[in-house]
Amino acid sequence: MQVRLPPVYDPRAVEEERYRFWMEGRYFGARVNRAREPFCIVIPPPNVTGSLHIGHALDNTMQDILIRWRRMQGYETLWLPGTDHAGIATQHVVEKRLAKDGLSRHDLGREKFLERVWAWKDEYEATIISQLRRLGASCDWSRTRFTMDEGCSRAVREVFVRLWEKGLIYRGEYIVNWCPECRTALSDLEVEREERAGTLWYVRYPYADGSGYLTVATTRPETILGDTAVAVHPDDERYRDAVGKTVVVPMVDRPVPVVADRAVDPAFGTGAVKITPAHDADDFEVACRHGLPAIAVIDADGNMTEEAGRYAGMTREECRRAILDDLRAAGLIEKEETHAMALGHCYRCDTVVEPLLSRQWFVRMKPLAEPAMEAVKTGDIVIVPERFTRVYVNWLENIRDWCISRQIWWGHRIPAWHCHRCGEITVSRTDPPACAHCGSERLEQDESVLDTWFSSALWPFSTLGWPERTPELEYFYPTSVLVTGYDILFFWVARMVFMGLEFMGKKPFRYVLLHGLVRDAEGEKMSKSRGTGIDPMDAIEKYGADSLRFSLIMGNTPGNDFRFYWEKVEGARNFCNKLWNAARFVLMNLEDFDPEARAPLALVDRWILSRYARVRDEVTRLLEEFELGEAARILYDFIWDEYCDWYIEMSKARLAEGGPARLAAQRTLWLVLEGVLRLLHPFVPFITEEIWQRLPHEGPALAVAPWPGSRPDLVDRAAEEQVGLWMEVTRAIRNLRAEVGVGPGQPATAVALADPETVRALAAGRDVISRLSWSEPLRVARADEDRPSRAVASVVRGVEVFLPLEGVVDVAREVERTTARIREAEAELQRVEERLKNSRFLERAPREVVEEMQSRRQEALDRVRKLKERLQLLQQ
């Protein structure tokens, strides 16, 4: 057998070729196979707004780990890929591109504009799929779906019609979150609340009978023009006599009643609040209870309407300034104070959202929310980590009806037609030829489209063929696990749950695995505009897909945010190189190896095989518990430390010895390497497949090789205990050598004193310890023997370890050298501290320069401390 690896691992030379190999072998395809248990994940479909970001890289790496692992375990695995049309977001980016050419969508018209958006979708969908392949995603690409493809569109219509027929979809006037920039309604979840300091103005409303005034506190003086009442709490003694009276709305001289309503918070402002039903959701509810009119004074563009009187045509901001000036001039501002408030912004364009009274389409949520809550409360669906269960349930307990209509062009157009003759609405699965109520052919389809999340909520079953009862739907649904960010727990996860229960009668998935957000090194949200966004393709180009994948997973825990550091990617690259070099060493020593041959195992062989068996069990357990980051860490530690740094080094002398010793070492090296490649494959698929193909193996590809089975027969606690002792003594000798400046490879005597039983255990490993600690000779003796003089010492597991300095270190010269190095280190520390005490430097230097200087100070402090400890040791 003569198979060798190139001296250096080059991801670019491996990854494209390996992915082509997998595709040609059709290893990622899934079929209905009743002989196997199914395992299915539907991909959270990336938006076709652009290319993938680093959060997508994390999310899809986690899914790929689970899919590859279960595939190796023998499940019939389906990872179903696809993309989302992302209505508002995609229309927004296409409109921005048009604006560069001086065009708007209205210049093109609906049909031509949609042609532009479809072209955009085709371009970026291809980009996204290409990027997922570069990441190593093992999806069944033959099943790629899009939320507006023919099948998904049919499912959307079917769901809309069924909900309409059950009375769960209705059209009505209601306060909606309106984005004046995108010119569409937004659901509550599409509004991002930002805490900021605002102002609370105390405004006097004169009583109509001239008996004084009622002071009202407001953060939005521009909406005073639409007030139709003032409300107080019925139990508020301050206003017992005011209820039933009439006050006059300033600037418009509109008489309005003072009403009592329990929605009022007596502790807010003066306890009296203005009621503006057309521009506040809570005020709208008060108005419904008291039969108050709603007057819209702000329009869909964010400008003041004719109802605003002399302020008509102004923007919201202009009106606020003008009305405040007028109120002050009239002496109607009692006082102003700073007030913390959560201001709503559009999640796409960041425009301040305006609550507007609008006729929209809604889904009644209470009947759908109850089963969705129950499924999680009873454990039928398990959310990982568990703490998000309470968050999920709280949201559903307080849910409002879902506004599902959007006033944009890109998306699923609402399947409802308005009759110009009778005014009735016809809702239909197909385009109707005539009104279902009067037979008129004068029909016009509703202009609005559905909220993007409406079609996304159907993803687990629409992608498997619903409303048809396809074999795939019967076999793969419910899916096994959903992997997604906690930030869309409500946007998407909850909606999939209630849609799945409503239309399939079953939960859409068994587990929900939530991950956190990938943040920059400072813990801030990544932003392209601030230059902190990370393109995963840049990382893959520089370090390889495996390095990026491993860096994103190791140390990651479910539900927690994750800081991205380039140093972590470099560390993962170094790990891949370590694995590559270990494989090169093994392959170079397998040229005369016969996998069928056997030889008695040495103690170190039994030790590494035992450790491998226990690592296999631990990694499998952690994957079962979705602790992917911890599983990666255990593999990293075992491969880097125990296999590479210890076992390979221990095996070198036996490989050179030849005969049965060489064969036992060869076989153990091969067995453990082949096993860890299987364990590691879901995490770093490219490099593991490349190495595995060069080793003696069975089967066509590591991607479909069996997951290692449990091997309790290999567990040898005695071997682990004894070799563990050898390793600790070796480390102790190495540390003592480093403390006194004895370099690696420089021969030096070492002495180990212990009880008789431990002496026997150490004597069996004398050659290993001596070789790995450069101890020539290593003397092992009973604890009651004389201790060496002029020696540094350490104690590990009851073993006293000595490094005699006579003839090894010139103590006087070393004291002199160390003293000089302390002076140099202290001088450097003084220079850095003087810089950090300079107020001008701290004020003017960029933050990163100051942080670098603070880091240098800590390094200098550590250097001085360690040198002083070494000097003290030498002087003793």
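Visitor: How far apart are the closest N and O atoms of Glu158 and Arg429?

Guide: In this predicted model, a salt bridge is called when a side-chain nitrogen of Lys or Arg comes within 4 Å of a carboxyl oxygen of Asp or Glu. For Glu158 and Arg429, the closest N and O atoms are 2.7 Å apart, and the two form a salt bridge.

Visitor: Which parts of the chain does that pair link?

Guide: Distant ones. Glu158 belongs to helix 6 (residues 150-165), while Arg429 sits in the loop between strand 19 (425-427) and strand 20 (443-445), 271 residues apart.

Visitor: What about Arg134 and Glu541?

Guide: Their side chains meet in a salt bridge too, at 3.1 Å from N to O. Arg134 lies in helix 5 (residues 110-135) and Glu541 in helix 15 (residues 536-543), so this pair ties together parts that are 407 residues apart in sequence. Arg134 is partly exposed, with a relative accessible area of 34%, and Glu541 is partly exposed as well, at 39%.

Visitor: Where do Lys377 and Glu397 lie?

Guide: Their side chains form a salt bridge with an N to O distance of 4.0 Å. Lys377 is in helix 9 (residues 366-377) and Glu397 in helix 10 (residues 387-397), 20 residues apart. At 34% relative accessibility, Glu397 is partly exposed.

Visitor: Which residues are linked in a network of salt bridges?

Guide: Look for Arg220, Glu222, Arg316, Arg320 and Glu354, which are joined in one such network. As for the whole model, the count comes to 74 salt bridges.

Visitor: Let's turn to the nonpolar side. Which residues of the largest nonpolar core touch the most other members?

Guide: The idea is to group buried nonpolar residues that are joined through side-chain atoms within 4.5 Å. The largest core here has 207 residues, and Leu66, Tyr392, Phe454, Met499 and Tyr643 touch the most other members. Helix 19 (residues 628-657) gives the largest share of this core, 14 residues.

Visitor: What does Leu66 touch?

Guide: Leaving out residues up to four places away in sequence, Leu66 touches Phe39, Ile41, Val481, Val483, Leu513, Phe626 and Leu628.

Visitor: How many residues are in the other core that lies apart from the largest one?

Guide: That core has 42 residues, including Ala185, Tyr207, Val216 and Val249.

Methods: Residues numbered from 1 in each chain as written. Predicted model: local features only at pLDDT ≥ 70, side-chain atom pairs only at ≥ 80, totals over all residues. Heavy atoms only, no water. Helix = DSSP H or I, 4+ residues; strand = E, 2+ residues; numbered from the N terminus. Buried < 20%, exposed > 50% of the residue type's maximum accessible area, 1.4 Å probe, protein only. Contact = heavy atoms within 4.5 Å.
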